[in-house]
Amino acid sequence: LLILLYFLLILTMIAIAYESYDSFYIAGTAGIVSMILFHIVENIGMSIGLLPLTGIPLPFISQGGSALLTNMLCMGFVLSIQYNQNRSEAEIQKHWLNRLLRKLSGGDRLDQFIWP
């Protein structure tokens, strides 16, 4: 059951990255997916004796404050990507911080950041 839930989590994150338009979002989500997938494979392989013993915790299950905090922050990043990809350019430009960052970076057009 736990492996099925991890599979659904990974599949959902890949779908979020696939539907995204920004290359930074895609790369960030790919890094998070690979980190969580590596932790799952390493921990389960270590538990059944196929891989060497390491201190990598099982995401969201094993005890460890910094690992749990990191996993929660990564999931927040992915959920933020899912939330923000449904917003229009006009909604994004309404926020003053977005307008300021666009002006400072010299990028007034959104299409220069869109994944082809």
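Phe-77 is partly exposed, because its relative accessible area is 27%, and that class lies between buried, which means under 20% relative accessible area, and exposed, which means over 50% (1.4 Å probe, protein chains only). The model described here is predicted, so local features need pLDDT of at least 70 and side-chain atom pairs count only at pLDDT 80 or more, while totals for chains, interfaces and linings use all residues. Residues are numbered from 1 along each chain as its sequence is written, and side-chain values use heavy atoms, with hydrogens and water left out.

Searching the whole structure for aromatic pairs gives two, where rings of Phe, Tyr and Trp (its six-membered ring) pair if their centres lie within 6.5 Å, and where planes under 30 degrees apart count as stacked, over 60 as edge-to-face and the rest as tilted. One of them joins Phe-24 and Tyr-25 in a tilted arrangement, with 6.3 Å centre to centre and 50 degrees between the planes. The ring centres of Phe-24 and Phe-77 are 6.1 Å apart and their planes stand at 85 degrees, so this pair is edge-to-face. It links distant parts of the chain, since Phe-24 belongs to helix 2 and Phe-77 to helix 3, 53 residues apart; helices (H or I, at least four residues) are DSSP runs, numbered from the N terminus. Through these ring pairs, Phe-24, Tyr-25 and Phe-77 are linked into a cluster.

Apart from neighbours within four places in sequence, Thr-29 is in contact with Met-13, Ala-17, Phe-77, Val-78 and Ile-81, contact meaning heavy atoms within 4.5 Å. Val-78, with residues up to four places away in sequence not counted, touches Met-13, Ile-16, Thr-29 and Ile-32.

Val-78 leads on to the largest nonpolar core, which has 14 residues, and in which Ile-10, Met-13, Ile-32, Ile-36 and Val-78 touch the most other members. Such a core is a set of buried Ala, Val, Leu, Ile, Met, Phe, Trp, Tyr and Cys residues joined through side-chain atoms within 4.5 Å. Helix 1 (2-19), helix 2 and helix 3 (65-84) are the elements that give two or more residues to this core, and helix 2 gives the most, with five residues.

His-39 is likewise found in helix 2, and it is buried, with a relative accessible area of 19%. Leaving aside neighbours within four places in sequence, His-39 is in contact with Ile-56, Pro-57 and Pro-59.
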